[in-house]
Amino acid sequence: MTTDPQPASAAADDAHDDIVVRPKKPAKVLFASTILVLESFVMVFATLVLVGLRNVPDAAPSLPLGLLWGLGAAMVVVLMVLSRLVARPGGYLAGSLVQLPVVAAGFLVPMMFVVAAIFVVLWVVALRLGARVDRERADYDAAHPGEIPPLSPPRAH
């Protein structure tokens with residue numbers, strides 16, 4: 001008794017039957033939330049610097065210690081919460097608005113002007129590049145309905 005071998009295309013189709021493709025999270029959401037989480041860590045360290053500078057005469061404004069910790073903790077919490085809510089309506093606007101207090105931290109720790117400027121640029125890049133990646137994914141999905149995308153792009157020889 002001999003059995004007919006399956007055609008190569010049928011074998012390939014059977015191999016893909018077990019694969020479950022979950023929809024990917026939008027790149028814009030991933031990029032924006034990552035920037036906000038990283039900014040929250042920066043605010044933790046900026047708060048520590050500001051608290052440490054209280055012991056140096058004329059190095060930083062003399063704000064009460066509780067106020068410094070409270071402002072720093074509030075910024076960290078706001079940034080972390082916004083990182084989870086960025087995909088909701090108004091999330092990108094809120095993420096953009098929270099850049100203002102991060103920049104304003106430069107009035108307390110002048111080096112924060114430089115760090116905040118870098119993060120503002122990263123925020124804009126995350127929004128633009130994320131939208132571009134999402135558009136390209138949508139174009140690919142429209143051109144290849146029901147097809148499982150390759151794991152890596154084909155290489156030129």
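Mentor: Let us begin with the largest nonpolar core, which has 25 residues. A nonpolar core is a set of buried Ala, Val, Leu, Ile, Met, Phe, Trp, Tyr and Cys residues joined through side-chain atoms within 4.5 Å. Buried means under 20% relative accessible area, exposed over 50%, and partly exposed in between, with a 1.4 Å probe and protein chains only. Leu-36, Met-43, Leu-79, Val-102, Met-112 and Trp-123 have the most contacts inside this core.

Trainee: Which elements give two or more residues to this core?

Mentor: They are helix 2, helix 3 and helix 6 (111–143); helix 2 gives the most, with nine residues. Helices are DSSP runs of H or I with at least four residues, numbered from the N terminus. Please note that this is a predicted model, in which local features need pLDDT of at least 70 and side-chain atom pairs count only at pLDDT 80 or more, while totals for chains, interfaces and linings use all residues. Residues are numbered from 1 along each chain as its sequence is written, and side-chain values use heavy atoms, with hydrogens and water left out.

Trainee: Which residues of helix 3 are buried?

Mentor: Leu-68, Gly-72, Met-75, Val-76, Leu-79, Leu-82 and Ser-83 are buried there. Seen down the axis of helix 3, they fall within an arc of 135 degrees, so they line one face; the arc is that of the directions from the helix axis to the C-beta atoms. These buried residues pack against helix 2 (27–53), helix 4 (91–97) and helix 5 (99–104), where contact means heavy atoms within 4.5 Å.

Trainee: What does the face of helix 3 turned away from its buried side carry?

Mentor: That face carries the exposed residues Gly-66, Val-77 and Arg-84.

Trainee: Is Ala-74 buried or partly exposed?

Mentor: Ala-74, found in helix 3 (residues 65–85), is partly exposed, with a relative accessible area of 40%. Ala-74 and Ser-40 are 34 residues apart in sequence and 9.9 Å apart in space, C-alpha to C-alpha.

Trainee: With which residues is Trp-123 in contact, leaving aside its neighbours within four places in sequence?

Mentor: Trp-123 is then in contact with Ala-32, Ile-35, Leu-36, Val-86, Tyr-92, Gly-95, Ser-96 and Gln-99. Two of the residues named here, Leu-36 and Trp-123, are also among those with the most contacts inside the largest nonpolar core.
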